[in-house]
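Here is a short briefing on one protein chain. Look over the fold first, then work through the points below.

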Amino acid sequence: MFDTVVVATDGSESVKRAVDVALDLADRFDADIHALSVVDASEVDASPQQLRDELRTALETTADAALATVEDRADKDVEITTAVREGRPAAEICEYAREIDADLVATGTRGRHGENRLLLGSVAERIVRTSPVPVLSVRQLDPMAEDEADDAPAQ
């Protein structure tokens, strides 16, 4: 059913569960997994000219770290294709999915800038609306609810 899964990551806490779900799904379907992180060009462009190169380098380092986290969370025998792009995140993620003929894009519902969004972050929402393939948006579980579930007696 799924041969190629793209997992979009920015390294934020809210994306970790999406990474785990995407890796599990790829394992179940023996699918190839592609991890993609996008350096948001609008962040770079909005910064003062003298800081742009430094900011771009910092964002690329963050993207590389996010991809390394995906590789660390995967089983050691799983090969993951990684890529860093620069541009508008939703557009780049959708374009990447087209280019590699992906069957699914997995993403968190909120990223680094979406912690204040109620349901979907703006990037996740745009991916859902514009993706050429199905999108699996994975909600981060409430940490308090997870702790309570762990403490609940077994049934």
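Two strands pair if DSSP finds at least two bridges between them. β2 and β3 meet this rule: 8 bridges join them, and they run parallel. One of the residues involved is alanine 35, whose bridge partner in β3 is threonine 82. Keep in mind that this is a predicted model.

**Overall make-up**
- The protein chain holds 6 helices and 5 strands.
- Read from the N terminus, the elements follow the order β-α-β-α-α-β-α-β-α-β-α.
- The chain has 155 residues, and 38% of them count as buried.
- Of the contacts between residues at least 6 apart in sequence, 74% join residues at least 24 apart.

**Confidence**
- Mean pLDDT for the protein chain is 86, with 83% of residues at 70 or more.
- Residues 112-120 fall below 50 in pLDDT; this stretch still has 16 contacts in the model beyond near neighbours in sequence.
- Where pLDDT is low, the predicted coordinates should not be read in detail.

**The sheet**
- Five strands make an open sheet with parallel pairing, in the order β3-β2-β1-β4-β5.
- β3 and β5 (135-138) stand at the edges. Each has a single partner strand, so one side of each lacks a neighbour in the sheet.
- On average, neighbouring strands are turned by 25° against each other, direction ignored.

**Helices against the sheet**
- α1 lies across β1, β2, β3, β4 and β5, and runs at about 135° to β5.
- α5 lies across β4 and β5, at about 160° to β4.
- Helix α4 spans residues 89-99. Its buried residues are Pro89, Ala90, Glu92, Ile93, Cys94, Tyr96 and Ala97.
- The cover over the buried residues of α4 includes β1, β2, β3 (80-87), β4 and α5 (122-130).
- After α4 comes aspartate 101, with a positive phi near 55°.

**Nonpolar cores**
- The largest nonpolar core has 18 residues; Val5, Val7, Ile33 and Ile80 touch the most other members.
- Elements giving two or more residues to this core are β1 (4-8), α1 (16-28), β2 (32-40), α3 (52-73) and β4 (104-108).
- α1 gives the most to this core, with 5 residues.
- Another core, of 14 residues, lies apart from the largest one. Its members include Val38, Tyr96, Ala102 and Ile127.
- What does valine 7 touch, leaving out residues up to four places away in sequence? The contacts are Ala18, Val19, Ala22, Ile33, His34, Ala35, Leu36, Val70 and Ala106.
- In soluble globular proteins, nonpolar side chains tend to be buried together.

**The aromatic pair**
- The count of aromatic pairs comes to 1.
- Phenylalanine 2 and phenylalanine 29 form an edge-to-face pair, 5.1 Å centre to centre, with 90° between the planes.
- Phenylalanine 2 lies in the segment before β1, and phenylalanine 29 in the loop between α1 and β2. The pair therefore ties together parts that are 27 residues apart in sequence.

Terms used:
Residues are numbered from 1 along each chain as its sequence is written. This is a predicted model: local features need pLDDT of at least 70, side-chain atom pairs count only at pLDDT 80 or more; totals for chains, interfaces and linings use all residues. Side-chain values use heavy atoms; hydrogens and water are left out. A nonpolar core is a set of buried Ala, Val, Leu, Ile, Met, Phe, Trp, Tyr and Cys residues joined through side-chain atoms within 4.5 Å. Buried means under 20% relative accessible area, exposed over 50%, partly exposed in between (1.4 Å probe, protein chains only). Helices (H or I, at least four residues) and strands (E, at least two) are DSSP runs, numbered from the N terminus. Contact means heavy atoms within 4.5 Å. Rings of Phe, Tyr and Trp (its six-membered ring) pair if their centres lie within 6.5 Å; planes under 30 degrees apart count as stacked, over 60 as edge-to-face and the rest as tilted. pLDDT is the predictor's confidence in each residue, from 0 to 100. Axes are lines fitted to C-alpha atoms, for helices over the stretch in contact, and angles run from 0 to 180 degrees between N-to-C directions.
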